[in-house]
Amino acid sequence: MKNLHRYIEHTALHPTVDERTISLLIAMARKYQFRGVCVPPFWVKKVKRELATEDIQVVTVVGFPFGYGMTQTKVFEAQQAIRDGADELDVVWSLSAFKSGMTWPKIELAQLANCCHDEEKFMKVIVETAYLDEAELRTACDICRDAGVDFVKTSTGFAPDGAKAATIKLMRECLPSQVGIKASGGIKTLEQALEMIIAGADRIGTSSGPQIMEAYLSDQPQIE
């Protein structure tokens, strides 16, 4: 597969992220020219400043990791992240409201999508697939599509399970071609990354970006 690096969003969202972690992430992003880096909101300004001359998207999270905050809070988070320089926002939807059978998730996502699109930014929605059965996942994809989101993302990395190829295939079956899929959660090897892409993923969220690229480059002398 050509240009694997352009599928990868190298990620550092664990609770003990510090400046050294962020500096290493920036260095790895420059080295491998990943599609993006996903960092906590606190670090967006620094990362944007450091990567200003690179073709690398700065991604951050909203409502992370559980998504059950108030919509007004999420909107404020999104607006602040955009002001700080974020190019894309990964929003955790309200699984609590969805599991309660409420229509609020669609309303909330539509508001957040408008907030992002007014500033020409991309919005991904983390639906946390580990907690959804097949019927719920289909409904979740429908809600995201109707709300006008740009991507649907599998996982925060805080649930019991992360991305699975079968889940990605189902999501691709449910979503129109203009809505992308970001596979994340537990993707640590080249084989896993390729499996997700073959299943239909457009982005790979992983904290193992350099390791995946080293395995990839061991078979190819350079990034094409």
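**Charged side chains and their pairings**

Author: The protein carries 25 positive and 30 negative side chains, and the centres of these two sets lie 2 Å apart. The model is a predicted one, and in it the count of salt bridges comes to 23.

One of these joins lysine 106 to aspartate 146, whose side chains meet with an N to O distance of 3.6 Å. Because lysine 106 belongs to helix α5 (residues 104–118) and aspartate 146 to helix α6 (residues 134–147), the pair ties together parts that are 40 residues apart in sequence. Lysine 106 counts as partly exposed, at 36% relative accessibility, and aspartate 146 is also partly exposed, with a relative accessible area of 44%.

Helix α6 also holds a pairing within itself, since glutamate 134 and arginine 138 both lie in that helix, four residues apart, or about one turn. Their closest N and O atoms are 3.4 Å apart in the salt bridge, and arginine 138 is partly exposed, with a relative accessible area of 29%.

A further salt bridge is formed by aspartate 202 and arginine 172, with the closest N and O atoms 3.3 Å apart. This pair links distant parts of the chain, for aspartate 202 sits in the loop between α8 (190–199) and β8 (203–206), while arginine 172 is in helix α7 (residues 165–174), and the two are 30 residues apart. Aspartate 202 is partly exposed at 33% relative accessibility, and arginine 172 is likewise partly exposed, with a relative accessible area of 23%.

Beyond these pairs there is a network of salt bridges, in which Glu9, Glu88, Asp90, Lys124, Lys153, Lys182 and Arg203 are linked.

Of the 224 residues, 54% count as buried, and among contacts with a separation of 6 or more, 68% are between residues 24 or more positions apart. The protein exposes about 10,400 Å², of which carbon and sulfur atoms supply 51%.

Notes: Residues are numbered from 1 along each chain as its sequence is written. This is a predicted model: local features need pLDDT of at least 70, side-chain atom pairs count only at pLDDT 80 or more; totals for chains, interfaces and linings use all residues. Side-chain values use heavy atoms; hydrogens and water are left out. Buried means under 20% relative accessible area, exposed over 50%, partly exposed in between (1.4 Å probe, protein chains only). Contact means heavy atoms within 4.5 Å. Accessible areas come from the Shrake-Rupley method with a 1.4 Å probe; for residues, only the protein chains shown count as cover. Lys and Arg count as positive and Asp and Glu as negative; His and the chain ends are not counted. The place of a charge is taken as NZ of Lys, CZ of Arg, CG of Asp or CD of Glu. A salt bridge is a side-chain nitrogen of Lys or Arg within 4 Å of a carboxyl oxygen of Asp or Glu.
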